[in-house]
Each structure stands twice: as structure tokens, then as C-alpha cells.
Amino acid sequence: VRNDRGRDIEARGRVGLRTQVTGQATRPSAVTRVDNVRVNRALEAVRVAPTRPTAPRKNEPKQPPTEAQGKNTPTQPPTEAQGKNTPTPDPSTVITVPASIDATGSQDVSAPLQSLIDKAPAGSTISFKPGGRYKLGVAIRVRGKRDITLDGNGARLDLPTTDLDAQRSAGIHVRDGSHGTTIREFVIVGSNDKAGTADAFGAGKEPNHGIAVLSADDTLIEDVDIRRTWGDCVYINSNDGSWPDGVTVRDSVCRLTGRHGIGLIAGSNVRIVNNTFDEIGFDVVDIEPNNASGGARDFVMRGNDVGSYGHTDVYDGWLLAACGVREASVVDGLTITGNTVEGNTVGWKDRVKALHIKVCGQEGRIRRNVTVTDNVGLKAVEGPAMRFTDVKGVTVTGNTQPLSSGGLASFSGSSDVTYDG
């Protein structure tokens, strides 16, 4: 897997990534620092829209499959050719953020930005001042819209304070049945001055996410740099019983978080592709249904560069965890492939971390069809790094992970297992 953008975009507040992953344990040539925190249930009160899938969409029900439906073959990961070219907006539909809205970061501009979004017709692109800085007192929301693009042009958004409720404390919400939303070329910055340390997690501050997608379809997040959140970089959930369907996060940077990189409570056709994660508070990706109606279907994590994670001393950290509450939630179709993990030597109980994956199918949970292939861990760890419990259908092949002891993976109570490292 190769992600070679090589563009000089630092002057615009973005980060150019240049990484090559091969079958050998080679160090990524550029890893940017990132932090993540554990998912907050308070956001269930909010609706936010999902990211646009890289692969062609399928007509699939939004409700999770039942156990009686048996095995479902996971959707194949989209190819690099699919979804790579973002269309140039028609100039007639471009709405430029006016100069009357402060772009120096000195005053709260949430209200005028919200008014601009609310008035934008379907198909509009809202273009921010290149290199501008916008202070948000509350989250700005894309609500019930179709085909709206927020084009940051490298602008910075300063996140709201953490003393707000879950509906207001994130940076951008995509919600209320919105469809076809694109968010691109922003630098989104929170106030977590403890990020990257054992104190990164702040109890009660978890809703302070960079972007939240709730009960919305076809959301694309690309070329964004999210840092110093108290919550997650991107949070995906349902608040009305309908799962977000089609969320893609690609070519972006997530660093210095209090909780997770990606928090997925409920959603289908989620793609996490060619991103950089570093200094994550807990998990790089946490799939954590809050109840039986939550879960995930057809999830792909591909070609990402991961620095360190699991920094806090509150919970153990994982590259990917798919556990959640002990109810009959369904997680069906996980593909983790072609990722490179630097790992860390200091974290929860000082455990060295790299290709650490945990999928929990016990105690009523339904977990099936998990594929882990061609990933590279750089630090030697104690085995087993991967733990699959009561999972139906597991494939673990072609991974490179130095081990100081034990084996790479364990499969307690699991069936239909293919394993060669």
C-alpha cells in the first residue's frame, strides 16, 4: 500500500504524508503525532452524518444483520482508483465565507457560520479563507442538507470549550439526515493540553470531538488535521435508530487526542484509509456499541501509518478494539490491512504496543468475519498481540510483528479460523 502525496501544504496548515509499506518492518518516513480518547455515550442525543464511502454504494438495510442471517461476506475494500478524485465545484455554487466573519480567531463566529450553512442550497461549496482562523463557541452543524461541501482551504477551526453538552462541544456535526457531505482541508484544534501524556483523558470532556457524524449518509472527510481533542478525532453514531451509512476518512492526520482516533458506536460502510495517527489517548479505532442496537458492518482500515497510542493510564489501548457492552450487538465484516504501526513503549501498565487487536464475541455479542492481513508492527511485543474471543470467521495472514515472547494471536472459542501470522 502506498500513499505518496508529497505536496508542500504545511503553509496552509495541512500535513503532507509520504509513506511506503512493504512486507518488511520498515519505519514510516513521516509519522505525525496523534491522540485519541474513549467514546462518550452522551453524544447519543445528537444526530450527525456519516462519511462518504470510497467504494461504490450498495443497497443494504441500515439495521444490523441478525444471527439467523449467518455469515455475510464483508464488502471488499475500495480500490485506490475509486473515490480518489474530488470533483472541482461549479463556481456558481461556491459560497465564500464573507470578510465580515472574523478570520483571525479573536471572536466567536459560530452563529454567522451556522447561518451561512443553513442558507446554503443543495450542491453548494462553502469556501473558507485560506489560512484563516475561526473560533467556535459551539459546534457548527450540517443539518438535513444534501451535497454540501465545507472547503477549509487550510483554515483553522478552534474547538468549543469542554463545559458544553454533547450536542454543542464538537467542532463540526453532520446530522439530521444529511446526505453527501464533504469536509476537507481544515486544521481542527482543541484545548487538550494534557494530550500525549498519561493524563490525556478528561472525564466528562469526551464529547469534545473534532467531527461527529450522526444518522447521516455518504460523508467524506479528507485532508484534515485534527489535534488536541478531549474526545475523538472522528465520532460516528446513531441517535434515531438509523446507522450512519457510508463514512470515509482519508488522507488525514489525527493526533494528540484524549480518547480515540476513530470512535464507532454504530455505522456501516466505514472506510479509514491512508491516514496518520499518533499519540492517541486510548484506541486508534474503537468499535464500541453502547447497546444491542449499535454495532458495525463492512468496516475497512487500510494503509494507515500509526505512531503511538494507549498513552493514558485509565484503560488499556488497542490498535483496534471491537468489544462494547455485553448485549447482542452485531459487528460483521472487519478488514484491517496494509497498516504500519510504530507503537509505543510507555502506556497503560507500561505495556509495549504495536499490532494489538481485540475482538470480543463473548457474553452475547455477535462478532464475525474479521480479516487482518499484511500489517507491519515495528516494536517487539509480548504475545499474543491479537485476541479473538468467540468470533465466527477469522483470517490472520501475512502480518509482520516482532515478538519478545508468545505467539502473534489467540482464538479462544472462535471458529472458521485461517491463521499463518
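Colleague: Cys254, buried or exposed?

Modeller: Cys254 is buried, at a relative accessible area of 5%. Buried means under 20% relative accessible area, exposed over 50%, and partly exposed in between, with a 1.4 Å probe and protein chains only.

Colleague: What are we looking at here?

Modeller: This is a predicted model, where local features need pLDDT of at least 70 and side-chain atom pairs count only at pLDDT 80 or more, while totals for chains, interfaces and linings use all residues. Residues are numbered from 1 along each chain as its sequence is written, and side-chain values use heavy atoms, with hydrogens and water left out.

Colleague: How many disulfides in the whole structure?

Modeller: The search finds 2. A disulfide here is a pair of cysteine sulfur atoms within 2.5 Å.

Colleague: Which residue does Cys254 bond to?

Modeller: Cys233, with S to S at 2.1 Å. The link of Cys233 and Cys254 is right-handed, with 95 degrees about the S-S bond. Cys233 sits in the loop between strands E13 (225–227) and E14 (234–237), and Cys254 in strand E16 (residues 253–255), so the pair ties together parts 21 residues apart in sequence. Strands (E, at least two residues) and helices (H or I, at least four) are DSSP runs, numbered from the N terminus.

Colleague: And Cys233, buried or exposed?

Modeller: Buried, with a relative accessible area of 1%.

Colleague: OK, which cysteines form the other bond?

Modeller: Cys323 and Cys360, with their sulfur atoms 1.9 Å apart. The torsion about their S-S bond is about 45 degrees, so this disulfide is right-handed. The pair links distant parts of the chain, 37 residues apart: Cys323 is in the loop between strands E23 (320–322) and E24 (330–337), and Cys360 is in strand E26 (residues 357–360).

Colleague: What are the accessibilities of Cys323 and Cys360?

Modeller: Cys323 is buried at 11%. Cys360 counts as buried at 8%.

Colleague: What's the overall pattern of the disulfides?

Modeller: 1-2, 3-4, counting bonded cysteines along the chain.

Colleague: Switching to strands. Which residue in E30 is the bridge partner of Cys360?

Modeller: Thr389. E26 and E30 run parallel, joined by 4 bridges. Two strands pair if DSSP finds at least two bridges between them.

Colleague: And how does E30 pair with E33?

Modeller: In the parallel sense, over 2 bridges, E33 being residues 409–410. Arg387 stands opposite Ser410 in E33.

Colleague: Which E30 residues are on the covered face?

Modeller: Met386 and Phe388, while Arg387 and Thr389 form the uncovered face of E30 (residues 386–389). In a regular strand the side chains alternate between the two faces of the sheet.
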